[in-house]
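I opened my notebook for another structure today. Here is what I looked up, in the order I got to it.

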Amino acid sequence: MSDRSDGGDGDGGDGRGGDGGYGGADDRRFETRAIHAGQEPDPETGALMTPIHANSTYEQDGPGDHRGYEYSRTGNPTRSDLEANLASLESGSHARCFSSGMGAINTVLNLLSAGDHVVAGDDVYGGTHRILTQVYDEYDIETSFVDTTDHDAVRDAMREETELVWVETPTNPLMNVNDIGALADIAHEGDALCAVDNTFATPYLQRPLEHGADVVCQSLTKYLGGHSDTIGGALIVDDEELDERLGFYQNSVGATPGPFDAFLVLRGTKTLPVRMDRHCENAMALAEWLEDHDAVERVYYPGLESHPDHELAAEQMDDFGGMLSFELDGTLEEASTVVSETEVFTLAESLGGVESLIEQPAAMTHAAIPREERLAAGLTDGLIRVSVGIEHVDDMKADLQAAFDAALS
Ligand SMILES: *Cc1c(COP(=O)(O)O)cnc(C)c1O
């Protein structure tokens with residue numbers, strides 16, 4: 001693992017304003033911090049909302065004598081406010097924002113050097129699997145993909161060269177729940193970092209740093225943005241030195257978000273708690289309805305007692321989230337008809353917006369996996385994944401019922 005840190009590079013050292021750390025002593029509750037952490041009225045005008053600092057460079061009073069900002073790839077005040085907000089919500093000291101979730105994930109992988117080894121879940125997000133197998137593998141950084149619910153398998157996969165254990169929970173699309181504390185311990189026994197992709201749960205439901213993880217990754221595109229109107233990513237840590245190392249790559253690689261995107265995500269985080277409460281409530285009601293439905297073989301939602309990881313989810317999470325999958329008692333074609341017929345649920349990839357989305361993993365998000373492998377992993381032809389929105393749940397049920405009637409007549 002390399003340990004370069006930011007020495008400054010002419011167009012910006014650590015010029016990102018503020019006093020370095022952010023989180024600190026804010027012991028207000030999550031809902032209050034969602035709205036106020038990192039958010040002071042603009043000192044110049046009193047404007048309540050963080051201004052969109054559409055700006056690339058900053059006046060210096062003398063060479064190197066600046067007011068916290070030099071150049072917006074390195075630091076931008078709108079982005080800084082978002083970073084402070086996210087650090088607080090994830091119970092971290094520092095956050096770094098990126099132009100996408102993948103930009104954030106790439107920056108964690110930038111910490112690795114040729115010859116290093118990664119252990120990752122065998123059901124991680126497709127983009128994470130792709131960057132590990134098709135980008136970093138070429139740089140002689142090998143990944144072992146294992147069932148991260150099987151801790152012996154994770155221990156067996158660890159090598160002398162293992163520098164990173166990559167965890168996702170709940171996972172996509174079967175909502176497997178991984179034990180963050182146990183996996184962080186295994187990583188640390190092997191002197192590796194433990195990174196957790198917390199996109200599905202959000203910090204409102206689960207804060208991996210509190211369980212011992214070293215880095216939290218977020219696709220801000222999903223629940224944190226919350227309105228399907230921007231792409232973004234973030235890394236949150238509780239360690240200044242690790243933050244500086246990530247900051248070196250953030251600035252060197254340059255996958256940083258513009259101030260408009262940072263503004264949109266800040267607008268989203270303010271309502272995260274109320275949105276998530278409704279997402280969770282609707283998902284639970286829909287999961288129970290589906291579990292009782294004749295057209296449905298099986299429901300995967302960690303809030304159901306029938307879910308194999310229900311107890312762990314109840315311990316680790318404050319609620320069970322807005323994502324669920326179910327197996328239609330039918331063929332690939334019939335499942336395709338269901339997802340094409342719904343109207344309240346829009347047929348689309350992605351998740352985490354206020355509107356409900358529906359998709360068929362075997363034909364869409366997981367279509368690249370060969371059928372045999374896909375079936376072995378439990379991703380059947382009739383599997384349907386939904387991102388449960390915040391519309392009225394009775395309209396969702398009526399919509400699915402009409403689609404079932406059309407597909408299974
Ligand atoms: C969407 C997603 C990503 C990638 O984020 P982008 O913003 O699309 O780059 C990573 N992890 C998970 C779990 C995701 O859902």
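Where is the place of Asp238? I found Asp238 in the loop between strand S7 (233–237) and helix H8 (240–253). Helices (H or I, at least four residues) and strands (E, at least two) are DSSP runs, numbered from the N terminus.

Before going on, I noted that this is a predicted model, where local features need pLDDT of at least 70, side-chain atom pairs count only at pLDDT 80 or more, and totals for chains, interfaces and linings use all residues. Residues are numbered from 1 along each chain as its sequence is written, and side-chain values use heavy atoms, with hydrogens and water left out.

Next I checked confidence: pLDDT is the predictor's confidence in each residue, from 0 to 100. The protein has a mean of 93, and 94% of its residues reach 70 or more. Residues 4–23 have a pLDDT below 50, yet I see 52 contacts (heavy atoms within 4.5 Å) for this stretch beyond near neighbours in sequence.

Then I looked at salt bridges, meaning a side-chain nitrogen of Lys or Arg within 4 Å of a carboxyl oxygen of Asp or Glu. I get 13 of them by this rule. One joins Arg159 and Glu142, with the closest N and O atoms 3.4 Å apart. This pair links distant parts of the chain, 17 residues apart: Arg159 sits in the loop between helix H5 (151–157) and strand S4 (162–168), and Glu142 is in strand S3 (residues 142–146).

I also went through the backbone. The Thr169 to Pro170 peptide bond is cis, with omega near -10°. From Asn172 to Pro173 the peptide bond is cis too, with omega near 0°. I placed Pro170 in the loop between S4 and helix H6 (180–189), and Pro173 lies in the loop between S4 and H6.
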